[in-house]
Amino acid sequence: MMRVLIVGGGAREHALAWRLSKDSEVEVIGAPGNAGIAAIGQTVPVDPSDAEQVVALAKQESADLVVVGPEAPLVAGVVDALRDQGIDAFGPSREAAQLEGSKIFSKEFMARHAIPTAGFAVFDDPDAATRYIEEASRPLVVKADGLAAGKGVIVASNAAEAIAGVDRIMRERAFGGAGDRVLIEECLVGEEVSYHVVSDGKRFIPLAPAQDHKRAFDGDRGPNTGGMGAYSPPPVVTADIERKILDRVVEPTLRGMAFEGRPFRGALFVGLMIVDGEPLVLEYNTRFGDPECQTLMTRWKGSVLPLIQGSAQGDFRGLAPEWEAPASLCVVLAAGGYPGSYEKGTPIHGLDAASALPQVTVFHAGTALHDDAVVTSGGRVLSVTAIGESIDEAAKRAYEAVEKIDFEGKQFRRDIGWRARSG
Ligand SMILES: Nc1ncnc2c1ncn2[C@@H]1O[C@H](COP(=O)(O)OP(=O)(O)O)[C@@H](O)[C@H]1O
Ligand SMILES: [Mg+2]
């Protein structure tokens with residue numbers, strides 16, 4: 001029996017824990033986990049970004065492997081601290097996590113390695129950034145350099161909005177030190193996709209393309225969220241485009257990181273804009289996407305342990321990935337009001353009925369146990385995920401399950417996967 005500590009407490013971590021414990025001799029420990037992870041393993045309340053706490057817990061629980069889900073602990077060096085103690089850890093080192101931790105590092109890296117991306121300029125002075133915007137009479141995107149929990153990007157429709165973005169990031173310091181510098185990019189128009197690979201630092205295993213839905217409401221309207229749903233595979237990624245993503249983006253990225261002395265181990269998630277059939281990088285994430293991970297883990301065939309452990313140990317050996325399901329779709333159920341303020345502690349009903357449906361898995365995010373009852377404890381509450389022979393079939397199953405689950409204020413999108421659905 002292997003003991004695997006999963007750092008994080010979202011639906012992504014539940015999906016990883018579920019896949020790891022389903023097909024392998026694995027016992028999972030959630031750090032801190034949620035009510036879904038508590039149903040398949042033990043959970044311990046820790047701060048995921050506190051390296052000392054995570055190392056101490058891994059030792060206390062005699063963990064054979066630690067899987068780090070979210071970006072903040074990676075950028076904080078949690079993987080380095082574990083490896084220093086001889087503990088196998090899945091995820092990039094702090095230096096390799098700079099691909100996500102600094103958007104400016106990542107753009108300058110792409111420029112050094114001729115990886116296709118939007119043109120850009122970097123500023124450490126708000127006055128200079130403002131002058132640049134005033135002179136450039138074209139659509140621009142303003143980004144805080146560091147981690148900002150998905151809130152540090154302004155896709156500006158005019159110069160005033162772009163300048164307001166610079167003010168918010170650099171003068172009001174809405175994201176603290178993450179806004180010491182800003183990145184200003186050319187605005188790309190096209191269709192967005194997510195592409196995941198897992199690397200052991202030498203080789204990589206391509207997973208599959210996916211597409212997420214960031215806006216809160218149907219029709220891709222409303223404020224941005226952590227993600228309201230996802231599906232895999234999106235039809236926009238033809239075999240030809242997938243080849244271009246692997247040859248022009250993934251391969252040079254991993255080669256470049258190794259060349260620069262920061263070999264990348266772990267999950268690399270490339271956010272891309274497909275512009276007239278050409279993939280351009282929007283950003284790198286150095287971990288699985290949430291909700292994309294839920295679609296990838298349900299499509300995966302059999303044990304995911306060789307992939308995760310092989311990457312953590314820096315050697316995939318004879319791994320040959322196989323896919324079980326042609327399609328997967330995930331609908332996020334959020335608390336009423338999300339991404340604004342919302343209630344916590346609301347009882348959730350119908351989880352068993354939903355999970356009993358064929359090919360459906362309900363992953364937990366913001367849930368907690370209260371006197372043995374499952375209650376809401378976050379903005380994104382559940383990730384209702386179904387597989388099928390097609391996106392249509394997966395969508396039908398996922399939405400049937402969504403109807404079985406009830407909690408006050410339940411909020412979700414009815415159009416997840418609309419680009420790939422027939423009706
Ligand atoms: N150059 C760009 N052109 C058009 N849209 C962009 C551009 N860069 C980012 N975006 C949009 O903004 C979103 C967030 O930007 P991203 O770089 O992914 O930052 P983060 O996920 O850290 O907030 C993207 O998913 C995309 O919709
Ligand atoms: Mg992004």
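Two strands pair if DSSP finds at least two bridges between them. With that rule in hand, turn to this predicted model. Four strands form an open sheet, and their order is β6-β9-β7-β8. The pairing is antiparallel. At the edges lie β6 (120-123) and β8, each of which pairs on one side only. From one strand to the next, the twist averages 15 degrees.

Look next at β7 and β9. Five bridges join these antiparallel strands. Across from V142 stands I184 in β9. A helix, α9, packs on the sheet and touches β7, β8 and β9. The direction of α9 makes about 5 degrees with that of β7.

Beyond its neighbours within four places in sequence, D180 is in contact with D124 and D145. A394 is 214 residues from D180 along the chain, and 44 Å separates their C-alpha atoms.

Now to ligand 1. Around it are 14 residues, of which A118, V153, E185, L188 and E283 come nearest. The shell holds seven nonpolar, three polar and four charged residues. At least two shell residues come from each of β7 (140-144), β8 (153-155) and β16 (278-285). Domain 2 (125-180) and domain 3 (191-313) each give at least three residues to the shell around ligand 1.

Definitions and conventions: Residues are numbered from 1 along each chain as its sequence is written. Chains are lettered from A and ligands numbered from 1 in the order in which they are written. This is a predicted model: local features need pLDDT of at least 70, side-chain atom pairs count only at pLDDT 80 or more; totals for chains, interfaces and linings use all residues. Two residues are in contact if their C-beta atoms, placed from the backbone, lie within 7 Å. A residue is near a molecule or strand if its C-beta atom, placed from the backbone, lies within 6 Å of it. Ala, Val, Leu, Ile, Met, Phe, Trp, Tyr, Cys and Pro count as nonpolar, Asp, Glu, Lys and Arg as charged, and the others, Gly among them, as polar. Domain bounds come from an automatic or database domain assignment. Axes are lines fitted to C-alpha atoms, for helices over the stretch in contact, and angles run from 0 to 180 degrees between N-to-C directions.
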